[in-house]
Amino acid sequence: MAEADIAYVATAGAAGLALALSAWAARLRGRLARRADAAETDLAAARAALADRDGALAAFEDARLALTPDGQTTRLGAAAAWTAITRELAGQEGPEVDPALVVLDAVRATAGPRLDALIDQGEPFDTILDGPGGAWAVEGRSSAGAAWLRLSRLGLIGTAAESGLGMLADAYPAPTWITDAAGRLAWANRAWLAEMKADSIDAAREKGLSFDRGADTIVAEAGRLHQRQEGFRWTTGGGRRRAWRIVAEPAPGGAGAVLAFALDMTEAEETRDTLRRHVEAHDETLNHLADAVAIFGPSKRLAFHNTAFQQLFNIDPAWLDERPTHAELLDRLRQRRLLPEVIDYAGWKANELDFYGAAEAAPDDSWSLPDGRTLRVVRQPHPLGGVLLLFSDITDELQLRSRFNAQIQVQTATLDKLNDAVAVFGSDGRIRLHNEAFDAFWGISGEALDAAGDFDAVAALCHATMPDPALWLGLKARVADPDPESRVPISGEGRTADGRIASWQTRPLPDGATLVAFSDITARRGLEQALAAKAQALEESTALKREFVGSVSYELRTPLTTIVGYSELLEMQPGLPERSRQHAGAIRVAASQLAGSIDDVLDMAQIDAGEMELTLGDVRVGDLLDEAADKVRERIEGRGASLTVTCPAAMKPIRADAQRVGQALGYLLDNAARAVSEGGAVTLIAEAAPAEVRIRVEDTGRGIPYHLQAHVFDRFVKRERGGPGVGLALVKALVELHGGWAEVESEPGKGAAFILHLPLEAESAAAAPELRLG
């Protein structure tokens, strides 16, 4: 290509490049202009935002301080705030004082380690700076790689008092107060001031008043832990002890301030204390009950049991104190066989536990335990929820009831078998029971008597049979009058309308009832009259017999005396053949025996007639025994037996009729002489006792059969020994005249012993008056 072309092309290229550069430059300038406008706009907005921020910071009395790891600081906030901080924390101000350094020194002195943790690790913290001029709350936070400190004045009083919330708190009836981070009183309502008897908050501050030391401790703990704290305190004021519930709540955003409330719990505590005493008294009362009591709460756990419950089932008290469930208790009782034995225990147990949903008490139940006891079980809902169970051991009660019913049945059956008409009226005058004889006596059915009810109605039914108004008035007084003087037994007789003779009597019963009995004594009265007539006839015949016996006896004595006399003369006649002499002796002996029997009959007749008199005197027992023994010694020794007399030498004399006692001893010795055989022995013994003398006549004869011993002293009874006479009966009668008695001891085949019990001083109506011992 030519140079010209080359120059042309170069010129054209340069021109195009210039145009392109001009166009690019124009676009670049437009873009820069737009960016400059945007930057101006953003700058204006940033300045406006900064102005708003500065205005917002200046509007509040707080300040912010930014800290970097290299130690640089940036202060934000109103100058007045920094000036106040410097003045109140450092106590000075001026251009030479750096507020940032004042704050850093104060924060480091108060919370140095936490400040380092904030700068190095970004850990937030809160603290209070307390200076000479005031207190400031410090909040440490981390943001955008820098550590920030926010300082705000603790000024809660004005803000609370100036707001509606402050007015509400001031009118709150419970003492309420606010403390600052240092624990000083910042604000209090009127109730607090009234309780502390302070005129104003300033006066309370000046006096250093505090609601209570314990309350201050609770408030301080809430400020330290930044958590709600509660406590209970008792205070004394105005002559009264009061209970308070202290509630301390850290103030939100209050930088250590604490709101404290004192809620008056006096009435609640007194009520609780009264309830506690009532519960204790209730428990103590239940512990003194004989019935076992168990209370299960809504959770079906044992809430209470009395001593009787533990003793009834003999359960370990420690286990009961662990509050077992109702089901666990039933299982324990079943293991110890203290529950009724049932086939389906699971179903029975479920039915027991289903009662927790019941709305009213269940009917009484009874448990028959394997050990023989019977328990009455009462279940009822507890007013506070759960179930109350009552257990009563009614084993003895059932036994007593069974015995009582049996006794009533026996009594009723006994009364029905009585011939007397018996009715029992209660203290209220109503008829309680009557027997069949009562119905038959009055001719009234039992249903009519039961329907009559009271005494007046029964008397009206019976009035037709015995129309005696005085009788029924007297009976009513004994039945219905509660006066003890009226409740005395009375009796009487009357005649019924049909001519029967009826006797009646009343008896007061221990339970206040009265027994009234009627008897038909018509036949008895007739029998008594007949017996009286027979008794009179018998008395007359007895007197006639006694007179006849006496007369005959005296009549017989004359010929007997003649027979005895002539038989003795015949025996004394010389030259009489021996055989005739023996016949005369036999006649004399028989006549003498017959005379003795007649004398015995006469003596018995005298005793029966009460005509025998004793001639009492001092009698030496030894002499009496020797005299009686001498009379029969020859006969006894003639039979080859021995006679022994034993009498203490020191025995004192007794007051008795020596002749009659000797007569009794003679009969006994004569009886022994007939009973003893060769080689036998008869013993006459006297023994002294405190109030009597016992004289024993013993022999070794055949003895007396047992069936005859009870009749040995009877008169005119044929005996194997003693003959048909009245000798032993007379012995008994003579001893009894002295005030003593006679007895016999005998074993068949081993002899017999007759014992006379004679008093030391005879006391007998048969003694002559001038000789009786007084």
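Analyst: Happy to; we can start with the whole chain and then go through some local features.

Analyst: This is a predicted model, so to speak of local features we need pLDDT of at least 70, and side-chain atom pairs count only at pLDDT 80 or more, while totals for chains, interfaces and linings use all residues. Residues are numbered from 1 along each chain as its sequence is written, and side-chain values use heavy atoms, with hydrogens and water left out.

User: Great. How many helices and strands does the protein chain have?
Analyst: The protein chain has 24 helices and 27 strands.

User: What about the accessible surface of the chain?
Analyst: The protein chain exposes about 44700 Å², and carbon and sulfur atoms supply 54% of that. Accessible areas come from the Shrake-Rupley method with a 1.4 Å probe; for residues, only the protein chains shown count as cover.

User: Which residues form a nonpolar patch on the surface?
Analyst: Trp-24, Leu-28 and Leu-32 do, with about 290 Å² of accessible area together. Patches are made of residues with over 30% relative accessible area and no salt bridge; like charges are joined within 9 Å, and nonpolar side chains (Val, Leu, Ile, Met, Phe, Trp, Tyr) within 5 Å. Leu-28 lies in helix H1, residues 3-59, and is partly exposed at a relative accessible area of 30%.

User: Switching to sheets: in what order do the 5 strands of the open sheet come?
Analyst: The order is E17-E16-E20-E19-E18, with antiparallel pairing. Strand E17 (431-434) and strand E18 (490-495) are the edges, each pairing on one side only. On average, neighbouring strands here are turned by 20° against each other, direction ignored. Two strands pair if DSSP finds at least two bridges between them.

User: Which helix packs on the sheet?
Analyst: Helix H18 (residues 469-480) does, touching strand E16 (421-425), E18, E19 and strand E20 (514-520). The direction of H18 makes about 150° with that of E20. Axes are lines fitted to C-alpha atoms, for helices over the stretch in contact, and angles run from 0 to 180 degrees between N-to-C directions.

User: How many bridges join E18 to E19?
Analyst: There are 6 bridges between E18 and strand E19 (residues 501-508), and the two run antiparallel. Arg-495 stands opposite Ile-501 in E19.

User: What about the hairpin of E8 and E9?
Analyst: Strand E8 (residues 229-237) and strand E9 (residues 240-250) pair in the antiparallel sense over 9 bridges. Thr-236 has Arg-241 in E9 as bridge partner. The hairpin has 2 residues between the strands, and Gly-238 takes a positive phi near 65°.

User: Now charges. How many salt bridges does the structure hold?
Analyst: It holds 33 salt bridges, each being a side-chain nitrogen of Lys or Arg within 4 Å of a carboxyl oxygen of Asp or Glu. One of them joins Glu-221 and Arg-224 at 2.6 Å, N to O. Those two are 3 residues apart in helix H8 (residues 213-225), so about one helical turn separates them. Glu-221 is partly exposed at 27% relative accessibility, whereas Arg-224 is exposed at 55%.

User: And what does Arg-401 form a salt bridge with?
Analyst: With Glu-397, the closest N and O atoms being 2.7 Å apart. Arg-401 and Glu-397 are 4 residues apart in helix H14 (residues 395-417), so they are about one helical turn apart.

User: Which residues are linked in a network of salt bridges?
Analyst: Arg-228, Glu-230, Arg-245 and Glu-249 are linked that way.

User: Last one: what does Glu-687 touch?
Analyst: Not counting residues up to four places away in sequence, Glu-687 touches Met-651, Glu-692, Val-693, Arg-694 and Arg-696. Contact here means heavy atoms within 4.5 Å. Glu-687 lies in strand E24, residues 681-688, and is partly exposed at a relative accessible area of 30%.

Conventions. Buried means under 20% relative accessible area, exposed over 50%, partly exposed in between (1.4 Å probe, protein chains only).
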